Amino acid sequence: MLLSSPELVTLNQSSPAIGRLTWRRTMSEHTMKLIAECEARWVDMRFTDSKGKEQHVTIPASEVDDSFFTEGKMFDGSSISGWKGINESDMILLPDDSSSMIDPFFEDATVIVRCDIVEPSTGEGYNRDPRSVAKRAEAYL
């Protein structure tokens, strides 16, 4: 089961799998409101790779619904340098509703949303995703 949220819910410190994250996503109102208010045509799903380079996948705004925030969007992780091999490259971009904003520079109305990277096989944050690393470090402290 895939659980996800901008806030960390649990970290089992006694588990041999210490550092595993469990998230819960509960909101989509902010992004949906932005799309409606500015009549956005596009949603730009952004994330940062391990080297600090911002990456993105742009989808039509019509593809965004409530399941978008619980199921995310699949993408090919082998296209990101140093991440996955082609044989195990499926990954999930899981949007963070609280991070959504209007792109002030794009000609067409576009909503930017930051995403966590999730391993589809485990439902956990990807260990090379800087957002996941930061959340595990914060939970450890």
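Predicted model: local features only at pLDDT ≥ 70, side-chain atom pairs only at ≥ 80, totals over all residues.
Biologist: How many salt bridges does the structure hold?

Modeller: Side chains of opposite charge can pair when their charged atoms come close. The cut-off applied here is a side-chain nitrogen of Lys or Arg within 4 Å of a carboxyl oxygen of Asp or Glu. By this rule the count of salt bridges is 10.

Biologist: Which parts of the chain does the pair of D108 and R41 tie together, and how far apart in sequence are they?

Modeller: D108 and R41 meet through their side chains in a salt bridge, with 3.4 Å from N to O. D108 belongs to the loop between strand 7 and strand 8, and R41 to the loop between helix 1 (29-38) and strand 3 (42-48), so the parts that this pair ties together are apart in sequence by 67 residues.

Biologist: What is the N to O distance in the salt bridge of R46 and D44, and are the two residues buried or exposed?

Modeller: Buried means under 20% relative accessible area. R46 has 15% and therefore counts as buried, and D44, with 6%, is buried as well. Their side chains meet in a salt bridge with an N to O distance of 2.6 Å.

Biologist: Which residue in the loop between strand 7 and strand 8 is paired with R46, and how far apart in sequence are the parts tied together?

Modeller: The salt bridge in question has its closest N and O atoms 3.2 Å apart. Both of its residues are buried. R46 lies in strand 3 and its partner in the loop between strand 7 and strand 8, so the pair ties together parts 57 residues apart in sequence, and the partner is D103.

Biologist: Which residues are linked with R46 in a network of salt bridges?

Modeller: R46 forms a salt bridge with D44, and D103 forms one with R46. The network of salt bridges that includes R46 also links D44, E54, D103 and R114.

Biologist: Which residues form the negative surface patch, and where does D66 lie?

Modeller: D66 is found in the loop between strand 4 (54-60) and helix 2 (68-71). Its relative accessible area is 53%, so D66 is exposed. The negative surface patch consists of E29, D65, D66 and E71.

Biologist: What is the C-alpha to C-alpha distance between F106 and W42?

Modeller: F106 is placed in the loop between strand 7 (101-102) and strand 8 (110-118). With 46% relative accessibility, F106 is partly exposed. F106 and W42 are 64 residues apart in sequence, and their C-alpha to C-alpha distance in space is 10.0 Å.

Biologist: What distance separates the C-alpha atoms of P130 and F47?

Modeller: P130 is located in helix 3 (residues 130-140) and is partly exposed at 31% relative accessible area. Along the chain, P130 and F47 are 83 residues apart, whereas their C-alpha atoms are separated by 8.7 Å.

How values were computed. Residues numbered from 1 in each chain as written. Heavy atoms only, no water. Helix = DSSP H or I, 4+ residues; strand = E, 2+ residues; numbered from the N terminus. Buried < 20%, exposed > 50% of the residue type's maximum accessible area, 1.4 Å probe, protein only. Patch = residues over 30% accessible without salt bridge, like charges linked within 9 Å, V, L, I, M, F, W, Y side chains within 5 Å. Areas by Shrake-Rupley, 256 points an atom, 1.4 Å probe, with all protein chains shown as cover. Lys, Arg positive; Asp, Glu negative; His and termini not counted. Charge placed at Lys NZ, Arg CZ, Asp CG, Glu CD.
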